[in-house]
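Subject: Structure for your review

Dear colleague,

Please find below the structure I would like to hand over to you.

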Amino acid sequence: MTQSPSDDQQALTSLTGNDLLAHLRAVSPYLPGFIYQLCLSPDGKFHYSYTSPRVEKLFGVTQQQVAEDASLLLKMIHPDDYQRVINESIESAETASAWHSEFRMILKNGRTIWIEAYDTPIWQADGTIVWTGYGNDITHRKNYETALNESEIKFRAFVENANDIIYSLSLDGILTYVSPNWTEILGHPITDVIGKHFEDFVHPDDVSACHNFLQQVQHSGEKHSGIEYRIKHFNGHWCWHRSNASPLFDKKGDVGSYTGIARDITEHKLMMQRMSHLAHHDTLTGLPNRASFTEHLNQAIVLSQREQQALAVLFLDLDNFKPVNDQHGHAIGDLLLQQVANRIRQCLRGADVVGRIGGDEFVVLLQNVHHVANAQQTAEKICSCLSIAYEVDGKILQIGVSIGIALYPLHGSNAMQLVRYADEAMYEAKKLPERVQVFASPPLGVGSNKTEEPKPDDLSAKTADDQG
């Protein structure tokens, strides 16, 4: 059974869906395969929120048709592969891990093709699972792999012309053969590769995983796929490769060596990293978005509870920002928000986190707060810093900020409470000259099992008591 986020997490988690889709549309024309965003709603229904234009060329169905009926595409998955693909996708969502698979699809004209797909799952606040990924037609590569088992002549022809690297390893990891395109892809002369141990080229952090992978091949006597590792280019930088490996048996029937195919996936890795960044960060300021900030806050609460420490959440709302947009346009407003984000960062410690959760709304996480006065001092520092005039595109602009403060465990026990109470305190701060307000203790029973809530100034004493 799948596990959905808690109600508190759902209330605060949101994806940068529109921004992410905009970037997907921007990069899709430059990719040989197709980009997709597949959603599974809590009621068990699939639908595609996005497919790139190449879906029609590959599968003979339009983007509109797929958007209206996801089964048009999903039912093309080969019956022998369908359940495996669905199960693997659900498992990736349950474990919050990236997914990669190769499977067959049967087109409307009866032709069977092979697809290689990568995607990453994200939970939305309402329990919907969204897989964002990339698929490509690898039928030709699959045909070549089949040919390897059928003919030594075909194997040699493929080796000389393939885009992937073909290699052979001895049992102790010595490279006994690499195809000529090693030099084209990685730059090393073949003479500098043959006879060397693979450890001479693989990133030190990935060597152990490669050894384990080869041991699995040896012990099982079967082909294994999916190992990803970094390998050093002749120029000194690291490339990402994905490899499979098959055992070669000696006359006694024992595994005597390995042969495999390695593919450069550096561009794919960079694209997935970019997609992940877009899903967790505000595209304008580069700050964590609401979902990412909530994740940081939940982790900090767990740590604070374990270490018996306090933390503070600051809710910031800019004053007089709307007139900037009205008088000078949103382009100037965006540039101003970028400067605001930089100034907030400069006011914080390395362990603190700032996120942007709305148009002119920011949140700050202050960890290991010893006294409410520490949080107030930081808030006052931010107020002072943000009140200094800005120069934006030759214009001198003046804004301010109102800040509300809520503290854990004094005011709330979870992220939802802390952000809400800091938000409420922010509205009270707008009425004050100093523009900083600590949340007034919540009613009896909220965020505490004590019979009486301590006052904000008692935070350090309360923390000391808890530690005692």
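The notes that follow describe the sheet, then the helices.

Please bear in mind that this is a predicted model.

The sheet is an open one of five strands with mixed pairing, and its strand order is E12-E13-E11-E16-E17. Strands E12 (353-356) and E17 (436-438) lie at the edges; each has a single partner strand, so one side of each is left without a neighbour in the sheet. On average, neighbouring strands are turned by 20° against each other, direction ignored.

One of the residue pairings here is that of Val-354 with its bridge partner in E13, Val-364.

Helix H12 (residues 290-307) touches strand E11 (311-319), E12, E13 and strand E16 (400-408), and its direction makes about 20° with that of E13. Helix H14 (residues 330-346) touches E11, E12 and E13, with its direction at about 15° to that of E13.

H14 also packs against helix H15 (residues 372-386), at an angle of about 140° and with the axes 9 Å apart. The crossing of H14 and H15 is right-handed. From H14, the contact is made by Val-340, Arg-343, Ile-344 and Gln-346, and from H15 by Lys-381, Ile-382, Cys-385 and Leu-386. By class, this contact of H14 with H15 has five nonpolar residues, one polar and two charged.

With kind regards

Note on methods
Residues are numbered from 1 along each chain as its sequence is written. This is a predicted model: local features need pLDDT of at least 70, side-chain atom pairs count only at pLDDT 80 or more; totals for chains, interfaces and linings use all residues. Side-chain values use heavy atoms; hydrogens and water are left out. Two strands pair if DSSP finds at least two bridges between them. Helices (H or I, at least four residues) and strands (E, at least two) are DSSP runs, numbered from the N terminus. Axes are lines fitted to C-alpha atoms, for helices over the stretch in contact, and angles run from 0 to 180 degrees between N-to-C directions. Contact means heavy atoms within 4.5 Å. A crossing is left-handed if the near helix is turned anticlockwise from the far one by less than a right angle, and right-handed if clockwise. Ala, Val, Leu, Ile, Met, Phe, Trp, Tyr, Cys and Pro count as nonpolar, Asp, Glu, Lys and Arg as charged, and the others, Gly among them, as polar.
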